[in-house]
Amino acid sequence: MSTTASAQAPAMSRRQVLEALSGLLVGMFVAMLASTVVSSSLPVIVSDLGGDQSTFTWVITASLLATTVSTPIWGKLADLTSRKVLVQVAIVVFVIGTALSGLAQDPGSLIAFRVIQGLGAGGLLALVQVIMSDIISPRERGRYMGLMGGIMAVAIAGGPLLGGFITDTIGWRWNFYVAIPFAILALFLIQFTLHLPKRHRKVRIDYLGAALIAAGVSLLLIWVTLGGNQFEWGSVTSWLMGVGSAVLLALAVLVELKHPEPIIPLTLFKNRTFALMTIASVSVGVAMFGTSVFISQYLQLSRDKTPTESGIYTLPQVIAMLVASTVVGALISRSGKWKAWMVAGAALLALGTGLMGTIAFDTPFALLFLFMGIIGLGIGMLMQNMVLVVQNTVDVSQIGAASASIAFFRSLGGAAGVAALGAALATRVKSGISDGLADLGVPAGQATSGDTLPDLATLPAPIRTVIEQAYGQGVGEIFLIALPVAILALIMVALLPNKKLGTRSGIEQLAEKEAEIVVDVSAAEVGATPVVDEAIVDAAALEAEFADDDENDPVPVNRG
């Protein structure tokens, strides 16, 4: 038997659900906060450590890369072993990486420690949504997904505000330390409030597939990050990296097809909803992380705002995301209708991305706030509901892998988007500064130190204006580059089958599967047809099947 659960588990009250989710939601908040709290202070951090524009991009990309490659592995392990233990391990890894990041003395060590931090964050992002599917039915999950989306919205857009304030007051290193107490709190809350039924399943880990996926995705992201900056796109180096990543990922597909427990079950792509949401999640990742990272850079280097001010100026987006996520989640749980909200969200995301493509160094702030708010509404309507509709359509035994795969592709979109858009921005800014300085008759090296991020306060007014114009124009152009991806997300969402949300939690679905197995086995033993009264199954067969577990676990759903 693959899994153990109880069919007699009573439905949890809202208070019980919130108690069980308390530690998970704190953990999710910490993971998202760690990804965004440094974004508003990155110019200060990179300058303090002696980095350049490439460093700026890699401090973000390194964490996203680690999160991306580890997410499907965490998700698959969630289908094979204790989810509670896994999420606690993820928190410990996260705390270690976060503490080390705050101690970094140079760009290289900071990037390396951000990788460790990203590994832990990947576990938290993958496992929280999987565990939610265990204790909440799809119909009711919308309300709690909305709550989680609101928390993520606060972390995503509120992180830059907090990071800016910390940088301006006690120093940028505390941007990393501030997350540690929350992570420890999450660890204890999960230990004492989260109770799940025990799972017994033979663990067969696809180590080769995991290694190939990690290597292929990593090489792909390094390629798009360095291409056009460290080497030309048509160079031998570029071709080697591009072809190498393709070969590694192709080998990963072959391994996944043959392994009995693949990291990303390719059979999931036969599910139309999963396939469409995979593509859409990439676009949402680009918009979600790209907006947070590059808007802060735009505000500081094009509009001369402090890290704190740049964080405050992102509030229209965080408020819009919070409102859209919580309100739409509640409406979906109340009515059971989700598709119209998701289509509207995708349309707003595309509209907002296009409008952001019109910004320049002198765009009125009222328009900027409006454009950011539109993007925030779109992301709030889409982000958590993408996972909800996938969990509603896949088999309960694959919810871990399916949920983590959606998070994987969203993180992949974020990492690839930040890397590719960062490379495009660096190229555009370098060109813009060179052209502007040439018009002034000033050598580029006299105004800035190589590719390092400029300190506007130390520059003469004419040179400062050139740099502000270059960054303002460059950030607008990268949003135009991202617009086709946002339109693709709208198309994918519009094509989704409008399947009704289920009313049973993951534990209840597992219990039903166990009942079917018991009935089939009993019928086979007596040579009879497996048609048995449901009450008899619950009272006799399941009681015998789970007798050992029940002796140590009097309330199977609420003990872990």
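Visitor: On what basis are the values computed?

Guide: Local features need pLDDT of at least 70 and side-chain atom pairs 80 or more, while totals for chains, interfaces and linings use all residues of this predicted model. Numbering runs from 1 along each chain as its sequence is written, and side-chain values use heavy atoms, without hydrogens and water.

Visitor: How many residues of the contact of H14 with H18 are nonpolar?

Guide: Contact means heavy atoms within 4.5 Å. Among the residues that meet are Met342, Ala346 and Leu349 in H14, and Phe479, Leu483 and Leu490 in H18. With Ala, Val, Leu, Ile, Met, Phe, Trp, Tyr, Cys and Pro counted as nonpolar, Asp, Glu, Lys and Arg as charged and the others as polar, the contact has 3 polar, 1 charged and 17 nonpolar.

Visitor: Which element gives the most to the lining of the largest cavity?

Guide: A cavity is a set of points on a 1 Å grid where a 1.4 Å probe fits but cannot get out, and lining residues have an atom within 4 Å of a point. The largest cavity is lined by 13 residues, including Thr353 and Phe479. H18 and helix H11 (272-301) each give two or more residues; the most, 6 residues, come from H11.

How values were computed: Helix = DSSP H or I, 4+ residues; strand = E, 2+ residues; numbered from the N terminus. 1 Å grid on protein atoms, 1.4 Å probe; cavity = no way out; pocket = protein on both sides within 12 Å on 5 of 7 lines; lining within 4 Å.
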